[in-house]
Amino acid sequence: KTFHGRDIFAPLAAFIASGKDVSEILARSQNPIRLELPQPIIAEKVITGEIIYIDSFGNLITNIPHTLVNNFQTSVKIKNRRLGRIRETYSDVPKGIPVAIIGSSGMVEIAVNSGSAEKWFHLKRDKIKDFKITINIRPLKV
């Protein structure tokens, strides 16, 4: 529902179509470094997370995996701004409006439809840990 086709599969298809050996880019790393990511804090009905990465589009990737919010009604808040529920796609809100979605990494991310959440929220990359994301959760109504 996000950009896998454009950002991952299309460049790989072009690489293969150019006649290059795919093993050049698919080789395993010999000594990968495992990063310790901060864990979200889970209280009774609130999940508090933080921004762990800002991608090249200005989307704010959090440390909150989709597994914590699946099967719940959600209400997302960042920098005293309520974004409402987690949506399916960027276009579920008007252009220029912030939205919370489950990104291609499987994490909750904050984006702006046709814009940059990094710019919209006036974030500095070296200060992203100062901004907490809270998600209120309630069981889905049956």
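One term before we click: buried means under 20% relative accessible area, exposed means over 50%, and partly exposed is in between (1.4 Å probe, protein chains only). You're looking at a predicted model, where local features need pLDDT of at least 70, side-chain atom pairs count only at pLDDT 80 or more, and totals for chains, interfaces and linings use all residues. Residues are numbered from 1 along each chain as its sequence is written, and side-chain values use heavy atoms, with hydrogens and water left out.

**The whole chain.** Switch to cartoon view. The C-alpha trace spans about 50 × 40 × 35 Å along its principal axes. Of the 142 residues, 32% count as buried.

**Stop one: Asp55.** Select Asp55, in the loop between strand 2 (46-54) and strand 3 (60-65). Is Asp55 buried or exposed? Asp55 is buried, yet has no salt bridge. A salt bridge is a side-chain nitrogen of Lys or Arg within 4 Å of a carboxyl oxygen of Asp or Glu. The nearest side chain of opposite charge, Arg125, is 6.6 Å away; Lys and Arg count as positive, Asp and Glu as negative, while His and the chain ends are not counted.

So which backbone atoms does the side chain of Asp55 reach? Show the backbone nitrogen of Phe57: a polar atom of the Asp55 side chain lies 2.9 Å from it. Setting aside neighbours within four places in sequence, Asp55 is in contact (heavy atoms within 4.5 Å) with Ile61 and Arg125.

**Stop two: Leu35.** Move to the loop between helix 2 (23-26) and strand 1 (41-42) and pick Leu35. Leu35 is exposed, with a relative accessible area of 68%.

Most residues other than glycine have a negative phi. Select Lys79, in the loop between strand 4 (72-78) and strand 5 (81-84): its phi is positive, about 50 degrees, although Lys79 is not a glycine. Lys79 is partly exposed, at 35% relative accessible area.

Finish at Ser114, in the loop between strand 7 (107-112) and helix 4 (117-120). Ser114 also isn't a glycine, and has a positive phi near 60 degrees. Ser114 is exposed, with a relative accessible area of 59%.

Definitions and conventions:
Helices (H or I, at least four residues) and strands (E, at least two) are DSSP runs, numbered from the N terminus. A polar contact is a pair of N or O atoms within 3.5 Å; within protein, one must be able to donate a hydrogen and the other to accept it, and residues adjacent in sequence count only if both atoms are side-chain atoms.
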